Amino acid sequence: MKKLFPILAILSLLALVACKSQAGPKEAGEKPQKPEISQEKILADLKEADEKNNPYKRDDYIAYSVTMVKELEEGQKTSVLLWVWSQGYSFSQGIFKAESGYSMPMKLVYGSQDGKLQEIIQAQDGSEYAPSVLKMAGGDKKLADSLMEVPNSQESYDQLMESLAQDAKAKGLEGFNHKIDQIPGYEKDVIYIKTGPNHIPGTVEIAKKADYDQAKARLGTENWTYCPSVLYHEKTGLALESIIDSFED
């Protein structure tokens, strides 16, 4: 009988291996891996949807900034609540100019199994704005309030400028970023402003000194006093057409 022990041990081991090889994912307690819905995927999906669904031609260069608020599981779907800022730009002589764009809460609905975008739900205008956002949030007022909060200006603007730089580079644009003292038309006789009531951290407002002084001298004689300028984003080196309407003493 002692000689049978090795044989029985081998047979038991073979049976165990066979059972394991036949066990499916459910028998082993494994769950199908849920597709990741990353910020990069969301950006790519938004770009594709904009290109397909816009009834008008978007501008030469498109930038996006997204702030994710919450991800929800709804049956066989995964919904992402987020704030989306999309801005189109034209480009001339080294400087970008803001054209068409939008900024609003959205709900993106994905298939939980395949991770494919199924629907984009946007906040409605006017009196329907708050109710439409509340509906996006499934009636959760606290979540709806969070979704309606305008994102941090510096983080959103940094993301927007980085997205613009990526789009410009991908489309083969040259000469679109500069050192601060080499912006076309603003190389000398300029002033640099880094503070102010509406100033975005990480940017510098640049105006020709003559334009700034002339506008400042008009204060109190007109309803709205401003002078042309560029807004320089320090991290990317992008310069955007802008105005200054707040003047230092």
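How much space lies in the largest pocket? The points below begin with the basis of the model and return to this pocket at the end.

1. Basis of the model. The structure is a predicted model, in which local features need pLDDT of at least 70 and side-chain atom pairs count only at pLDDT 80 or more, while totals for chains, interfaces and linings use all residues. Residues are numbered from 1 along each chain as its sequence is written, and side-chain values use heavy atoms, with hydrogens and water left out.

2. Confidence. The predictor's confidence in each residue is given as pLDDT, on a scale from 0 to 100; its mean over the protein chain is 86, and 84% of the residues reach 70 or more. Over residues 4-28, however, pLDDT stays under 50, and for this segment the model has two contacts beyond four places in sequence, a contact being heavy atoms within 4.5 Å.

3. With a salt bridge taken as a side-chain nitrogen of Lys or Arg within 4 Å of a carboxyl oxygen of Asp or Glu, the count comes to eight. Helices here are DSSP runs of H or I with at least four residues, strands are runs of E with at least two, and both are numbered from the N terminus. Aspartate 45 and lysine 41 form one of these bridges, at 3.6 Å from N to O, and both lie in helix α2 (residues 39-53), four residues apart, or about one turn of the helix. Accessibility is classed by relative area, with buried under 20%, exposed over 50% and partly exposed in between (1.4 Å probe, protein chains only). Aspartate 45 is buried at 12%, whereas lysine 41 is partly exposed at 25%. Glutamate 48 and lysine 52 also meet in a salt bridge, at 3.2 Å from N to O, and these two residues are likewise four apart in helix α2; glutamate 48 is partly exposed at 41%, and lysine 52 is exposed at 62%.

4. Lysine 141 pairs with aspartate 145, their closest N and O atoms being 3.1 Å apart, and both residues lie in helix α4 (residues 141-148), about one turn from each other. Lysine 141 is exposed, with 55% relative accessibility, while aspartate 145 is partly exposed at 33%.

5. Nonpolar cores. A nonpolar core is a set of buried Ala, Val, Leu, Ile, Met, Phe, Trp, Tyr and Cys residues joined through side-chain atoms within 4.5 Å. The largest has 16 residues, and those with the most contacts inside it include Tyr89, Phe96, Met161 and Leu164. Two or more residues each come from β1 (61-74), α5 (153-170) and β8 (238-244), and α5 gives the most, with six. Leucine 164 touches Tyr61, Ala63, Tyr89, Phe96 and Leu238, leaving aside residues up to four places away in sequence. A second, separate core of 15 residues includes Leu46, Tyr102, Met104 and Tyr110.

6. The largest pocket. A pocket is an open set of points on a 1 Å grid over the protein atoms alone where a 1.4 Å probe fits, with protein on both sides within 12 Å along at least five of seven lines, and its lining residues have an atom within 4 Å of a point. The largest pocket holds about 370 Å³ of space, the volume being that filled by probe spheres set on the points, which are joined across faces, edges and corners. Its lining has 18 residues, of which Asn198, His199, Glu205, Ile243 and Asp245 lie nearest the centre. Both β6 (203-208) and β8 supply at least two lining residues, and β8 gives the most, with three.
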